Amino acid sequence: MGEGVRIIIEAVPRAGLSAERLRQALAGHPEALAALEVTDPRHLHVPFAAALGHDPGPGAAFRATVFDPAANRAVELRGSLDQPEQAEVRHSADRPQPGRRELAEAAQILRADPAFPEGEGVVVYRPMPPLADLENPDGTTVRRPTLGIYTPSDPTGVRHRIVAVDVAGRTVDWTPRGIDVRAHHDCEHSVPEGVESLADRGGPDQVRVRVLRGDTELWNLLVVRPRASAPQNPGVGSGVELREVRYRGRLVLRQAHVPILNVEYEEGTTFRDDASFETRFSATGQDPVGWGWRLCAESPRTILERPDSDAGNFQGVAFHHDGQELRIVSEIAAGWYRYASDWRLADDGTIKPRFGFAATANPMTCKVHRHHAYWRFDFDIDGAAADVVEEIDETGSIIPEPVTIVRETSRRRRPPAKYWQVRDKATGHGYQIHPGEFDSTADAYGVSDLWFLRHHPAELEDGNPGPRDRAALNRFLNGEPINGANVVVWYAGHYYHDQAHPQPHQGELIGPDLIHID
């Protein structure tokens with residue numbers, strides 16, 4: 001811990017509609033029960049429930065998805081927090097990704113199957129894609145989570161298999177259609193953690209964090225852990241999420257997170273990854289508010305700092321101040337991928353959003369691929385209104401003049417060197433956005449590098465409507481004015497992952513530097 005620095009962490013209840021409250025409301029909502037064809041709401045899953053707007057009161061609007069795993073059917077509810085029993089019901093195609101309990105149950109069924117491989121060292125892990133649903137002739141579908149089987153000493157040399165498990169029917173499909181595992185070798189060192197070993201022991205969803213040096217409060221913010229981070233699609237979070245970020249008493253960010261996380265292989269395979277599934281990493285310290293939150297005396301280590309291990313002594317969000325900046329970090333699992341969701345808040349006001357990429361032993365990541373991470377920065381400099389976006393070209397002029405961007409648009413990071421800034425028109429306070437060294441430039445699949453948009457509550461992410469999971473942020477570009485408005489900036493980083501590349505593929509974090517303008 002830095003000399004003279006105090007970190008205060010306090011649990012904060014989340015505003016909005018709890019899953020249990022929604023289940024109770026469903027008991028008196030005949031239209032929703034009829035749409036789901038269930039009679040007992042206790043068996044329903046609520047993968048997404050959130051109030052709309054920055055500061056929701058008791059009568060605020062909410063949106064929720066309710067899922068019946070037995071029928072593999074979902075509905076969307078829209079209504080007010082004080083009368084959820086009267087919410088509007090819409091059928092939904094959303095299917096949440098399997099949770100820990102469902103995966104553990106599927107693993108029990110798989111291990112009991114006569115074809116399960118014998119021998120030591122066999123690991124049942126979470127693969128990609130997470131589901132291999134089976135469509136019936138009558139148009140209904142059977143929900144089937146996928147599981148990977150790692151067999152290090154298989155006599156045939158097949159070290160990886162991906163199977164589909166019908167939990168309700170308690171059957172295993174050893175060759176599910178649409179699951180392509182053509183390479184059974186792997187070039188990663190870490191043996192994946194088994195799905196049975198990953199537990200969630202509760203703890204608060206969010207905390208308030210204050211950083212004080214002496215009597216001066218430097219930072220005051222809410223930190224939301226990945227499992228509760230703001231999505232729009234069920235089961236797809238946004239990593240460690242920051243809200244209501246204040247530096248030296250001034251509001252600078254209303255919300256900051258990574259709602260879109262894509263993977264694109266050169267052969268054409270693509271994935272839209274979940275950024276809510278917390279996994280274990282190394283962090284030593286005290287747990288001031290319960291399970292899943294740790295204040296560390298030394299820097300935590302994710303799989304990027306210990307590339308030969310997928311284990312660890314902690315699961316959740318860890319904090320560490322090194323004397324100059326506060327680090328907020330969690331490790332996330334999406335199939336065999338391992339991601340570091342990492343924020344650095346410096347004492348001088350600099351914010352460094354970071355995302356790191358690694359993987360455990362698997363049949364895919366030896367192939368050349370590219371990761372695309374899309375940050376969403378909801379800038380509210382000194383308040384929600386009257387922000388302005390400016391572009392600065394550092395070439396061709398001794399003192400470059402900022403050019404105001406007056407309408408919604410997107411940008412690529414190309415020479416000449418450019419950076420951008422968002423500031424409050426009245427006070428002049430704000431932040432410069434400087435691209436990171438390893439952030440690269442978008443290819444056709446990555447779409448673009450920055451989007452400057454007018455704020456809309458429903459535009460938390462793109463809804464994943466595009467082909468091949470491609471980010472569809474361009475659909476938000478409709479020419480709205482942003483000069484003196486509530487501004488949102490999307491920033492994309494693109495990481496080329498090639499085992500044969502001379503630079504090490506692990507250990508590099510991508511992300512911009514947000515430099516404070518006083």
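Guide: A salt bridge here is a side-chain nitrogen of Lys or Arg within 4 Å of a carboxyl oxygen of Asp or Glu. Keep in mind that this is a predicted model. By that rule the count comes to 34 salt bridges.

Start with Glu 76 and Arg 63. They form a salt bridge, and their closest N and O atoms are 2.8 Å apart. The pair links distant parts of the chain. Glu 76 sits in strand 4, residues 73-80. Arg 63 sits in strand 3, residues 61-68.

Next comes Arg 143. Its salt-bridge partner is Glu 102, with the closest N and O atoms 2.8 Å apart. Arg 143 lies in the loop between strand 8 and strand 9, while Glu 102 lies in helix 3, residues 100-112, so the pair ties together parts that are 41 residues apart in sequence. Arg 143 has a relative accessible area of 7%, which means it is buried.

Now look at Asp 274 and Arg 126. Their side chains meet in a salt bridge at 3.5 Å, N to O. Asp 274 belongs to the loop between strand 16 and strand 17, and Arg 126 to the loop between strand 6 and strand 7, so this pair ties together parts that are 148 residues apart in sequence. Both Asp 274 and Arg 126 are buried. Elsewhere, salt bridges share partners. They join Arg 63, Glu 76, Arg 78, Glu 88 and Arg 90 into one network.

Stay with the loop between strand 6 and strand 7. Pro 129 lies there. The peptide bond from Met 128 to Pro 129 is cis, with omega near -5°. Most peptide bonds are trans, and most residues other than glycine have a negative phi.

Glu 37 is not a glycine, yet its phi is positive, about 60°. Look for Glu 37 in the loop between helix 2 and strand 2. Glu 37 is exposed, at a relative accessible area of 61%. Val 447 is not a glycine either, and its phi is positive, about 80°. Val 447 is in the loop between strand 30 and strand 31. At 9% relative accessibility, Val 447 counts as buried.

Turn to the strands. Strand 1, residues 5-11, runs antiparallel to strand 12, residues 206-213. Seven bridges join them. Arg 6 stands opposite Leu 212 in strand 12. Strand 12 also pairs with strand 13, residues 216-224, in the antiparallel sense over eight bridges. On that side, Leu 212 stands opposite Glu 217 in strand 13. Strand 12 and strand 13 form a hairpin, with two residues between them. Gly 214, in the turn, has a positive phi of about 65°.

Finish at helix 1, residues 19-26. Leu 22, Ala 25 and Leu 26 are buried there. They cover an arc of only 100° around the axis, which puts them on the same side of helix 1. An α-helix has 3.6 residues a turn, so residues three or four places apart point the same way.

Methods
Residues numbered from 1 in each chain as written. Predicted model: local features only at pLDDT ≥ 70, side-chain atom pairs only at ≥ 80, totals over all residues. Heavy atoms only, no water. Buried < 20%, exposed > 50% of the residue type's maximum accessible area, 1.4 Å probe, protein only. Helix = DSSP H or I, 4+ residues; strand = E, 2+ residues; numbered from the N terminus. Arc of directions from axis to C-beta. Pairing = 2+ DSSP bridges.
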